[in-house]
Amino acid sequence: MVSHSGLITVMQRAARKAAPRLRRDFGEVELLQVSRKGPADFVSMADRRAEQTLVEELRHARPDWGLVLEEGGTIEGDPSKPRWIVDPLDGTSNFLHGIPHFAISIAVEDPAGPGGKPEVTQALVYQPLTDESFWAEKGRGAWLNERRLRVSARRDLADALIATGIPYFGHGDLGRWSSIVQAVAPNVAGIRRFGSAALDLAWVAAGRYDGFWEEDLEHWDIAAGILLVREAGGFVTDFKGADRALASGQVLAANDQIHSKLHKLVAGALRG
């Protein structure tokens, strides 16, 4: 058994408590797909129900901690204590269309990080359909269930599979994204858009993807994933190469070799 702090136990217990209902609701969505009304209202309800379960479990374990929630906004807690950052269903559009690729994301943000700045100290990205629990603790590595994770060892962009998020209706800048794709695509083995930033980052940590870029992301999309990549030996920056990914919502993640090459392409595309 891999030893971890009680906080990881709390996070895993909360995610596993929310998971069965999400799995059932996902099965219902496939039946609702063909109805004229469509499953959108049903899915937003599933999202809120999952969040409610997570909040109840996390508050029960740490009553004085605050929460930052995708659906429920910010719940204030003791400002001197850590807070939870929670996305109950990352990959909602996939869920809505019956595509089995979505996750629960939970992170712990400690207000008293280095230099008095908040830092993420624990992370969990949980895939309810596969029972894959990607978790990490600051300074203690990243794991998939009981197996230690390492970012991929590929060194050449020509061998690299890179993930991204594509701007969509009312979200993101398609022109900027197109410039980056035009710079990156000719130099890599492939680009993938699977629709869950939390899982994209978990998959970079697991070496399934060699890199990832996206912008206009929210705290709850990426807080857990960033720690996973870093604890798996990877690098995460914004598009300028600065350590501001979480604050800016702009993420460039990969191993050290691929990161520097990918950063050069992305930065060049945005300068051009």
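**View 1. Surface and charge of the predicted model.** In this predicted model, the protein chain exposes about 12300 Å², of which carbon and sulfur atoms supply 51%. Its side chains include 32 positive and 36 negative ones, and the centres of these two sets lie 3 Å apart.

**View 2. Overall dimensions and fold content of the protein chain.** Taken along the principal axes, the C-alpha atoms fill a box of roughly 50 × 50 × 35 Å. The radius of gyration is 18 Å, which agrees with the value near 19 Å that a compact globule of 272 residues would have. The protein chain contains 8 helices and 13 strands, and 53% of its 272 residues count as buried. Among contacts between residues at least 6 apart in sequence, 62% join residues at least 24 apart.

**View 3. The largest nonpolar core.** This core has 40 residues, of which Val125, Phe134 and Val251 touch the most other members. Several elements each supply at least two residues of this core, including strand E4 (103-110), strand E5 (119-127), strand E6 (132-137), helix H5 (197-205), helix H6 (219-231) and strand E13 (251-254). Apart from this core lies another, of 33 residues, among them Leu7, Val10, Val43 and Leu58. In soluble globular proteins, nonpolar side chains tend to be buried together.

**View 4. The surroundings of Val251.** When residues up to four places away in sequence are not counted, Val251 touches, among others, Leu201, Leu217, Ile222, Ile226, Val236 and Ala245. The residues touched by Val251 also include Phe212, Trp213 and Phe239, together with Glu214 and Thr237.

Terms used:
Residues are numbered from 1 along each chain as its sequence is written. This is a predicted model: local features need pLDDT of at least 70, side-chain atom pairs count only at pLDDT 80 or more; totals for chains, interfaces and linings use all residues. Side-chain values use heavy atoms; hydrogens and water are left out. Helices (H or I, at least four residues) and strands (E, at least two) are DSSP runs, numbered from the N terminus. The radius of gyration is taken over C-alpha atoms; the globule rule is 2.2 Å times the number of residues to the power 0.38. Buried means under 20% relative accessible area, exposed over 50%, partly exposed in between (1.4 Å probe, protein chains only). Contact means heavy atoms within 4.5 Å. Accessible areas come from the Shrake-Rupley method with a 1.4 Å probe; for residues, only the protein chains shown count as cover. Lys and Arg count as positive and Asp and Glu as negative; His and the chain ends are not counted. The place of a charge is taken as NZ of Lys, CZ of Arg, CG of Asp or CD of Glu. A nonpolar core is a set of buried Ala, Val, Leu, Ile, Met, Phe, Trp, Tyr and Cys residues joined through side-chain atoms within 4.5 Å.
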